[in-house]
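Try each one yourself before reading its solution.

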Amino acid sequence: FTIFYFKSSSAAVSILFLGLLVTLLILNELKRFQNLGPFIRCVLYQIALLTFATYLIPILMGSVSYTVFGLSVGLSAAIAISLAWILKKLECPADTFRRHYLRPTLLAFGTFLLLYISNAIPPIPLSTQHIGIYHDVSVKPAGYVLKQHSQSLSMLPFADDIFPARPGDRLYVFTRIFAPRRFSDAIYLQWEKQNPSGKWETTDKIKMNIRGGREMGYRGYGYKEHYSPGPWRVFVETQDGREVGSISFEVQQDASTDTREFESLQH
């Protein structure tokens, strides 16, 4: 589950959830942690149950939303309640039941819900395989052909890409997203521009309908014809606002009249 969620994660806020899973993986190998007994084993069981349900149900339903997440948690809760009923039938002592089952179960569910509300849980099972900015995107029989300025990509790690713009240029954002077979849902490209005060303002929100099952991922794009120089960013989001991927870049005016060189890429 840690690998699945890691592959689906792109937002920095997801580090909290992924860090929790990785920490539990490491602690579970320590003898002192194992000696905590039924309480911690119950916590681990409920987390495994929740992560499995939130991975399985979206695949079966073919979408990601608050409703689908509610169904996933509801399924997990039904299993947890059934196990509680069995423990009661087995005449488990009330104090032992509260300490070793009820409290850890409530802790696991409460933590999971809190992380979901804070958007810290990645949008399983979707994951971004590629996202970039381009000067042109065209559809050919062999696939999508992308044209990118040779100076667009930054040579420094973690630095924003650059879009050298001339009058009449369209600004394209192309993305390739993995989705399981039979998965059919909508995602959104949310464009944001940083104003002079440093605040990010949403300028557009473009809907894209995706279908899963393709090994190389679903391909789609959006573009802008009217934009201004400065810092930009585009988020790929699910219907419930969960981030699948993002890209930050800077639009710069290109005053040159020289012939431009573009690199062609195929997806």
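Predicted model: local features only at pLDDT ≥ 70, side-chain atom pairs only at ≥ 80, totals over all residues.

Residues are numbered from 1 along each chain as its sequence is written, and side-chain values use heavy atoms, leaving out hydrogens and water.

**Exercise 1.** Work out how helices H2 and H6 are oriented to each other.

Solution. Start with the axes: those of H2 (residues 15-27) and H6 (residues 94-117) come within 10 Å and cross at roughly 150 degrees. Angles over 145 degrees count as roughly antiparallel, so H2 and H6 are roughly antiparallel to each other. Next, look at the side of the contact (heavy atoms within 4.5 Å): Leu16, Phe17 and Leu20 in H2 meet Thr111, Phe112 and Leu115 in H6. The residues of this contact are five nonpolar, one polar and no charged.

**Exercise 2.** Find the strand order of the open sheet and its edges.

Solution. The three strands follow the order E1-E5-E8, with antiparallel pairing; two strands pair if DSSP finds at least two bridges between them. E1 (127-134) and E8 (218-224) are the edge strands, each pairing on one side only. Then take E5 (residues 171-178), which is joined to E8 by seven bridges. As a check, Arg176 has Arg219 in E8 as its bridge partner.

**Exercise 3.** Decide whether Thr105 is buried or exposed.

Solution. First place Thr105: this residue lies in helix H6. Its relative accessibility is 9%, and buried means under 20% relative accessible area (1.4 Å probe, protein chains only), so Thr105 counts as buried. Finally, not counting residues up to four places away in sequence, Thr105 touches Cys42, Gln46 and Ala80.

Terms used. Axes fitted to C-alpha atoms, helices over the stretch in contact; angles between N-to-C directions. Helix = DSSP H or I, 4+ residues; strand = E, 2+ residues; numbered from the N terminus. Parallel < 35°, antiparallel > 145°, perpendicular 65-115°, else oblique. Nonpolar A, V, L, I, M, F, W, Y, C, P; charged D, E, K, R; others polar. Buried < 20%, exposed > 50% of the residue type's maximum accessible area, 1.4 Å probe, protein only.
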